[in-house]
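Hi,

Here is the structure I said I would pass on.

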Amino acid sequence: MQLKPGTSWEELYAQAAAIAPQAFTKSGVANYWGGQWREEGEVHPATSPIDQTRIHGPLLLETHQAAAALDSCVAEHFQWIKVPLAERKARTERAIAKIVQHRELLALLLTWEIGKPYRQALVSVDRTTSGVEWYLAEIDRMLDGRGPLPGPVSNIASWNYPLSVLAHALYVQMLSGNAVIAKAPTDGGVVALTLAMSFAIEEGLPVTLVSGLGGKLSSVLVRSPEIGALAFVGGRDTGGKIASDLVRTDKRHMLEQEGLNAWGIWNFSQWDLLAPMIKKGFEYAKQRCTAYPRYVIQRQLFDDFLAMYIPVVSSLTVGHPLAVADPSDPIPDVDFGPVINAAKAADLRTNIADAIDRGGVPIYRGKLDPGRFIEGQDLSAYVAPVAILDPPRSSPLYHAEPFGPVDTLVIVDTTAELLAKMNVSNGALVSSIASDDLELAGTLATEVNAFKVGINQPKSRGDKAEPFGGRGASWKGAFVGGEYLVQAVTEGPPESRLYGNFPEYQRYPDLT
């Protein structure tokens, strides 16, 4: 096996540098504010999860530099709100056209930076462009009676979706009349994000890009009174700290946090229907906020479930996302490659071993196929799929999202127990019920503590008009998706109330 010719990191980074030379320097990825790309900040030693080779990372700023960047972003905001919507749309259209033009390069950058297989990375790019194009067609009616926020939107996002979540949101926030400031993820995705936003900068859209450690930038990006809204995507630990910072303010916020998304299986026989859904769920090593790592199964169905499940997980392909046997071979379409870094892989292995040592039953433990890797490459960030029956309550795998290719299976005897085990994480983004009895499934779905609940189908974040949010501890603040994203980053009539989870009220859209 060898690296597909033309896909080396050095070649891809050179292509990005040819497009935006001031953004991509030899020392790392520049920050941007005040109309200038700035090659300042501490070099962050980045490695690709694919094989641990050195790649270009962000230049990390100090607090005072981020504060200067925010000052310029605030000034841009009050200039941008004067720009007519028609002009905002025209500039956005031109920027999105450039993302489409460089679709394959952006996807390959994602593959190296975050380990996402190439086909799945292409989907991420396409969801970014098609999503913003939908808003371009719908934004006039969405902004009727609404105006921009009193300050720019601050964005802090995780590494797993730098384009289809973060870049997409930035473009819609600017289309809605706001300047934006975004903290690039330090774990991966900074090059792809920066290239996608360089096109916005070329077209005069009000983007500010900063990189840095959360402890140094949080005081600026979260607590600054000049910020009109804060959008955060990440785990509950960091999200909880941010939420506590916001308690003392009335700042608009959208905090998407993790939850243990679950499939509940009761009175079910359509295993041929469920099998492809389970396989697709392993894409990108389940490193998605809407992945399903928990299966809660009626005891009488457990043998049938295993008869379907084991062949599915046994068929999963795990390997180097860009390795080919012959230079003329296409880029492989593996189900997943590495997790985000070697440290995360080590953490998963520790949690798996601990769960088994404490009584969990290893139903399935996959092995990496050497034929899907380049000889001698570093495999420390790769984890084969694992399934554990009845993880102990003391294990993180019992109550928290593993964010890796690890499933936990729980057997139950009553529907009340099924619901209790599905709701173990105090709120989730998505969940599903598998049942032949659609009336019963509909009744159970109303008791599942998740924002979206599928019946005999998985649910996802969704695109375009589809709302997205969470219940319980999985979400704080305004919901997003479709018109709700525009409402979250604009001011409406005084009597209007946003949809979302707030300390003083909860308001949920009709998802039927």
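Let me start with Arg-288: leaving aside residues up to four places away in sequence, it touches Asn-160, Tyr-161, Gly-281, Glu-283, Glu-401 and Phe-403 (contact means heavy atoms within 4.5 Å). Arg-288 sits in the loop between helix H10 (271-281) and strand S15 (294-298); helices (H or I, at least four residues) and strands (E, at least two) are DSSP runs, numbered from the N terminus. Arg-288 is buried but has no salt bridge, and the nearest side chain of opposite charge, Glu-283, is 5.8 Å away. Buried is under 20% relative accessible area (1.4 Å probe, protein chains only), and a salt bridge needs a side-chain nitrogen of Lys or Arg within 4 Å of a carboxyl oxygen of Asp or Glu.

A word on the source: this is a predicted model, with local features needing pLDDT of at least 70 and side-chain atom pairs pLDDT 80 or more, while totals for chains, interfaces and linings use all residues. Numbering runs from 1 along each chain as its sequence is written, and side-chain values use heavy atoms, without hydrogens or water.

Next, helix H15 (residues 438-445). Its buried residues are Ala-441, Leu-444 and Ala-445. Down the axis of H15 they fall within an arc of 100° (taken from the directions from the helix axis to the C-beta atoms), so they line one face of the helix. They pack against helix H14 (415-422), strand S20 (428-434) and strand S21 (450-455).

Finally, strand S18 (residues 386-389): Val-386 and Ile-388 point one way, Ala-387 and Leu-389 the other, and all are buried.

Cheers

Conventions
Buried means under 20% relative accessible area, exposed over 50%, partly exposed in between (1.4 Å probe, protein chains only). Lys and Arg count as positive and Asp and Glu as negative; His and the chain ends are not counted.
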